[in-house]
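Here is a short briefing on one protein chain. Please read it with the structure open.

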Amino acid sequence: MNYLAYTVRFLVILLWTALPALAHAAPDQPAVLVVGDSLSAAYGIPQKAGWVSLLQKRLADQRYPHQVINASISGETTSGGLARLSRVLDSAQPSVVIIELGGNDGLRGLPLASVRSNLAAMIERSLARDAQVLLVGMRLPPNYGPAYVKRFHQI
């Protein structure tokens, strides 16, 4: 199977499994929306072992009524997250949005001005929907050069 076919198949499976979670959200349950990359999508580990599932379990154990909706895609960049954010916000209507993006942008050496702009737009769109926003910080390995790594961390 070639890379494109594998990617399309993966996205179809991901959407197939994510859409029922959005459709079954109880209207009286506040939603926590996670928009992230492979770290949030639990790539390469059992879904139940991922931090998003563990967050849902902790909220339930502590009797918080929140439902965590994971809209993360492995390999996602800030531009991809921004492109689909409005649609996901419409579906989930979250009270909290956790943005865990930027690592793939940095690993690809994408322009940091674009990364900052995309993250700012995602935050603004989420705030405009009256959601609280948590931006998860990322670190890059030092082999990208001290100047790029420092500027990336400053975002």
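**Briefing on a predicted model**

Asp130 is exposed, with a relative accessible area of 70%. Asp130 sits in the loop between α6 and β4 (132-135). The model is a predicted one. The points below start with the whole chain, then turn to a helix pair, the core and several loop residues.

**Overall layout**

- The chain holds seven helices and four strands.
- Read from the N terminus, the order of elements is α-β-α-α-β-α-β-α-α-β-α.
- The chain has 155 residues, and 37% of them are buried.
- Among contacts in the chain with a separation of 6 or more, 77% are between residues 24 or more positions apart.
- The accessible surface of the chain is about 9,500 Å². Carbon and sulfur atoms hold 60% of that surface.

**The α4 and α6 pair**

- Helix α4 spans residues 78-92. Helix α6 spans residues 112-128.
- The axes of α4 and α6 lie 9 Å apart, and the packing angle is about 10°.
- Angles under 35 degrees count as roughly parallel, so α4 and α6 are roughly parallel to each other.
- On the α4 side, the contact is made by Thr78, Ser79, Gly81, Leu82, Leu85, Ser86 and Leu89.
- On the α6 side, the partners are Ser114, Val115, Asn118, Leu119, Ala121, Met122, Arg125 and Ser126.
- By class, the contact of α4 with α6 counts seven nonpolar, seven polar and one charged residues.

- Asn118 belongs to helix α6.
- Is Asn118 buried or exposed? Asn118 is buried, because its relative accessible area of 13% falls under the 20% cut-off.
- Beyond neighbours within four places in sequence, Asn118 contacts Thr78, Ser79 and Leu82.
- Ser117 is partly exposed, with a relative accessible area of 44%.
- Ser117 and Ser79 are 38 residues apart along the chain. Their C-alpha atoms are separated by 9.3 Å.

**The largest nonpolar core**

- This core has 18 residues.
- Which residues have the most contacts inside the core? They are Leu33, Val35, Val97, Ile99 and Met122.
- At least two residues of this core come from each of β1 (31-36), α4, β3 (96-100) and α6.
- Helix α4 gives the largest share of the core, with five residues.
- Val97 touches Leu33, Leu89, Ser126, Ala131, Gln132, Val133 and Leu134. That list leaves out residues up to four places away in sequence.

**Positive phi values**

- Asp130 has a phi near 60°, which is positive in a residue other than glycine.
- Gln93 has a positive phi as well, near 45°, and is likewise a residue other than glycine.
- Where is Gln93 found? Gln93 is in the loop between α4 and β3.
- Gln93 is exposed, because its relative accessible area of 63% is over the 50% cut-off.

**The loop between α2 and α3**

- This loop, between α2 (38-41) and α3 (51-61), holds Gln47. Ala42 lies in the loop between α2 and α3 too.
- Gln47 is partly exposed, with a relative accessible area of 45%.
- Ala42 is buried, with a relative accessible area of 6%.
- What does Gln47 touch, not counting residues up to four places away in sequence? Gln47 touches Ala41, Ala42, Ser53 and Asn70.
- With residues up to four places away left out, Ala42 touches Gln47 and Gly50.
- Ala42 and Val52 are ten residues apart in sequence. Their C-alpha atoms are 8.0 Å apart in space.

Notes:
Residues are numbered from 1 along each chain as its sequence is written. This is a predicted model: local features need pLDDT of at least 70, side-chain atom pairs count only at pLDDT 80 or more; totals for chains, interfaces and linings use all residues. Side-chain values use heavy atoms; hydrogens and water are left out. Buried means under 20% relative accessible area, exposed over 50%, partly exposed in between (1.4 Å probe, protein chains only). Contact means heavy atoms within 4.5 Å. Axes are lines fitted to C-alpha atoms, for helices over the stretch in contact, and angles run from 0 to 180 degrees between N-to-C directions. Angles under 35 degrees count as roughly parallel, over 145 as roughly antiparallel, 65 to 115 as roughly perpendicular and the rest as oblique. Ala, Val, Leu, Ile, Met, Phe, Trp, Tyr, Cys and Pro count as nonpolar, Asp, Glu, Lys and Arg as charged, and the others, Gly among them, as polar. A nonpolar core is a set of buried Ala, Val, Leu, Ile, Met, Phe, Trp, Tyr and Cys residues joined through side-chain atoms within 4.5 Å. Accessible areas come from the Shrake-Rupley method with a 1.4 Å probe; for residues, only the protein chains shown count as cover.
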